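I opened the model to look up two residues and a few totals for the chain. My notes follow in the order in which I took them.

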Amino acid sequence: MDLEKFSTNLIPISQQNWQGRPEWFFNREHTDTYEQWYEGPYKRAEIWQKKVMEQLVGNDQRVKTLLEFGCGTARFTRWWKEIGIEATGGDISPLMLSQAKHLFEGDLVMADSHHMPFKDHTFDALAFITTFEYYKDPVKVIREAARVAKYGVAMGMMNRYSTKVVRRRVQQIFGKNPFYITATFYSPQMLTKIIHKALEGREYTIHWNCTGLPKWFPVQQWGLPFGDFFGLYIQLKDVK
């Protein structure tokens, strides 16, 4: 499908930065090829990421509606319906959303994840898929997510304990691979500590699983904190 594109002049220079720093998702050079990346070298990784997220979120039978923030081109947002969940997408980047509106039949909103324009418990769950790494104030974002979502918060993350992290940082030294310059790579343990701080006083459980292991490895997902990607689900227990 040929996507309708618009001039980057529609985005003022002052708005090409977010959180006081330049981000790749405000750059047409990168956003226009986002879907191609998933259809090419990232395809196998996407399959296993979806399996992990389906298992984690699917175990909470209360979840029927979901808001995915940082939805980008709605790559994952349009997938949730395949596992019986009605999804809505949100993103800060008009460049990403300009493509998402052609690919996704559901509702989309342009907003900052630190200030979600929704009432308390608007959705059953909220999801961040490879976007939480870019937030300067992760505690605030988690609190917002737990306010808007009634039953749970799902996170799909690029794992700190991965050989690819080293490769990405080396590439950046030589001026390549700009996608992760502002990213913070978490491990399940690091993220859990932040969650405990953000949700102090709340009742919840945390479940996680890792994938992104080499093809030759005997398993493709496991409960050890090693692999290119991990999925984590916060199941909120203090709601009816």
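I started with the contacts of Gln235, where contact means heavy atoms within 4.5 Å. Leaving aside neighbours within four places in sequence, I found Gln235 in contact with Asp60, Arg62, Tyr151, Glu203, Tyr204, Thr205 and His207. Gln235 sits in strand 10, residues 229-236. Helices (H or I, at least four residues) and strands (E, at least two) are DSSP runs, numbered from the N terminus.

This is a predicted model, so local features need pLDDT of at least 70 and side-chain atom pairs count only at pLDDT 80 or more, while totals for chains, interfaces and linings use all residues. Residues are numbered from 1 along each chain as its sequence is written, and side-chain values use heavy atoms, with hydrogens and water left out.

Is Gln235 buried or exposed? I noted it as buried because its relative accessibility is 18%; buried means under 20% relative accessible area, exposed over 50%, partly exposed in between (1.4 Å probe, protein chains only).

Next I looked up Leu97, in helix 4, residues 94-103. Leu97 has a relative accessible area of 10%, so I listed it as buried. Not counting residues up to four places away in sequence, Leu97 touches Cys71, Gly72, Asp91, Leu108, Val109 and Met110. For Leu97 and Met110, 13 residues apart along the chain, I read a C-alpha separation of 7.5 Å.

Last, the totals. I counted 7 helices and 10 strands in the protein. Of its 240 residues, 52% are buried. Among contacts between residues at least 6 apart in sequence, 68% join residues at least 24 apart.
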